Amino acid sequence: MRTLFISDLHLHSGRPDLTRALLHFLASTAQECDQLYILGDLFEAWIGDDFIPEDLQPVVDALNALSRSGCEIFFQHGNRDFLVGQRFAELTGVQILGDSEIIELASGPALLMHGDQLCTDDHAYQALRQQLRNPQWQQAVLAKSVTERLEMAKQLRMASETQTADKSTEIMDVNPQAVQQAMATANSDLLIHGHTHRPAVHSLEAGKRRIVLGDWDKSGWYLEASEQGEKLIEFNLN
Ligand code: LP5
């Protein structure tokens with residue numbers, strides 16, 4: 001069994017190289033895998049399944065082709081693409097997961113999260129998250145026009161960029177108690193997440209591990225899990 005994990009690609013029209021890199025990844029590395037997990041922020045900003053930018057259509061098609069070829073694809077929402085919905089799932093063949101999922105790997109159970117919910121010291125973000133994840137708010141937003149939603153996304157990104165510039169790196173990292181609690185609740189010795197853009201394999205107490213996926217920017221990252229264990233791999237985007 002070969003399982004791959006990716007997150008934080010932040011695909012958008014300003015970085016066609018990232019889209020090309022993903023298409024290559026799906027047509028090469030991912031071809032021999034049984035399962036592919038996308039742990040959030042596949043897209044820079046997703047404003048609803050009724051607006052698929054033209055340059056991202058090949059991604060939808062490639063995910064569809066991969067899932068049809070027999071690789072199961074799972075998608076977890078990130079803080080940029082929490083509006084990915086059922087229509088996207090139907091178009092791509094991906095299965096949408098909850099925000100906190102436990103899966104079975106050869107090495108034992110693994111807890112999967114995007115990771116933003118573990119940044120509990122970032123109170124301003126957690127307050128924003130509560131609003132953005134509210135189903136009534138989402139319904140009201142999805143009823144707005146594409147133009148209005150694009151403008152909202154732009155405003156949100158601008159506010160976020162201004163505020164993150166003033167936040168300490170510690171505040172924007174996961175909180176150790178939140179990690180401990182999430183792993184204890186899941187009864188899992190392995191946590192895999194993205195969001196923080198700080199790829200690493202952290203050894204925790206009592207042989208537990210926290211694997212942080214890397215964002216795709218200067219290079220690409222994926223985690224491979226098999227009978228041989230878990231390997232975090234960095235690769236050249238070109
Ligand atoms: O994204 P990143 O990594 O830069 O920063 C995150 C947190 N920021 C966010 C906000 C997203 O970047 C916005 C994404 C918009 C795309 C989706 C839009 C679809 C819905 C809208 C339209 C249909 O997640 C950032 C964290 C950081 O990670 C580290 O964890 O700190 O959090 C913030 O910066 C939040 C601010 O502190 C609080 C922002 C208050 C915003 C006020 C609203 C202004 C305009 C509202 C218009 C709707």
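Modeller: Buried means under 20% relative accessible area, exposed over 50%, and partly exposed in between, with a 1.4 Å probe and protein chains only. The model is predicted, so local features need pLDDT of at least 70 and side-chain atom pairs count only at pLDDT 80 or more, while totals for chains, interfaces and linings use all residues. Residues are numbered from 1 along each chain as its sequence is written, and side-chain values use heavy atoms, with hydrogens and water left out.

Biologist: Is Ala106 buried or exposed?

Modeller: Ala106 lies in the loop between strand 5 (100-105) and strand 6 (108-113). Helices (H or I, at least four residues) and strands (E, at least two) are DSSP runs, numbered from the N terminus. Because its relative accessibility is 56%, Ala106 counts as exposed.

Biologist: Which residues does Ala106 touch, not counting residues up to four places away in sequence?

Modeller: Contact means heavy atoms within 4.5 Å. Phe235 is 129 residues from Ala106 along the chain, and their C-alpha atoms are separated by 24 Å. With residues up to four places away not counted, Ala106 touches Ser226 and Glu227.

Biologist: Is Ser226 buried or exposed?

Modeller: Ser226 lies in strand 10 (residues 220-226). Leaving aside neighbours within four places in sequence, Ser226 is in contact with Met1 and Ala106. Its relative accessibility is 14%, and therefore Ser226 counts as buried.

Biologist: What radius of gyration does the chain have?

Modeller: The radius is taken over C-alpha atoms, and the globule rule is 2.2 Å times the number of residues to the power 0.38. Along its principal axes the C-alpha trace spans about 50 × 40 × 30 Å. For 238 residues a compact globule would have a radius of gyration near 18 Å, which agrees with the value for the chain, 17 Å.

Biologist: What percentage of the 238 residues in the chain is buried?

Modeller: The chain has 7 helices and 11 strands. Among contacts with a separation of 6 or more, residues 24 or more positions apart account for 66%. Of the 238 residues, the buried share is 50%.

Biologist: Which residues have the most contacts inside the largest nonpolar core?

Modeller: A nonpolar core is a set of buried Ala, Val, Leu, Ile, Met, Phe, Trp, Tyr and Cys residues joined through side-chain atoms within 4.5 Å. The largest nonpolar core has 41 residues, and those with the most contacts inside it are Leu22, Phe25, Leu36, Leu42 and Trp216.

Biologist: How many residues does the other core have that lies apart from it?

Modeller: Members of this other core include Leu97, Leu105, Leu190 and Leu223. The core lies apart from the largest one, and its number of residues is 15.

Biologist: Where is Ala30 found, and which residues does Ala30 touch beyond four places in sequence?

Modeller: Ala30 is found in the loop between helix 1 and strand 2 (35-38). At 0% relative accessibility, Ala30 counts as buried. The C-alpha atoms of Ala30 and Leu232, 202 residues apart along the chain, are separated by 15 Å. Not counting residues up to four places away in sequence, Ala30 touches Leu4, Phe25 and Leu66.

Biologist: What phi does His10 have?

Modeller: The loop between strand 1 (3-6) and helix 1 (16-27) holds His10. His10 is buried, with a relative accessible area of 10%. Although His10 is not a glycine, its phi is positive, at about 50°.

Biologist: Is Ala206 buried or exposed?

Modeller: Ala206 sits in the loop between strand 8 (200-203) and strand 9 (209-212). Ala206 is not a glycine, yet has a positive phi of about 55°. Its relative accessible area is 71%, so Ala206 is exposed.

Biologist: How far apart in space are Ala65 and Thr92, C-alpha to C-alpha?

Modeller: Ala65 has its place in helix 2 (residues 57-68). At 43% relative accessibility, Ala65 counts as partly exposed. Ala65 and Thr92 are 27 residues apart in sequence, and their C-alpha to C-alpha separation in space is 7.9 Å.
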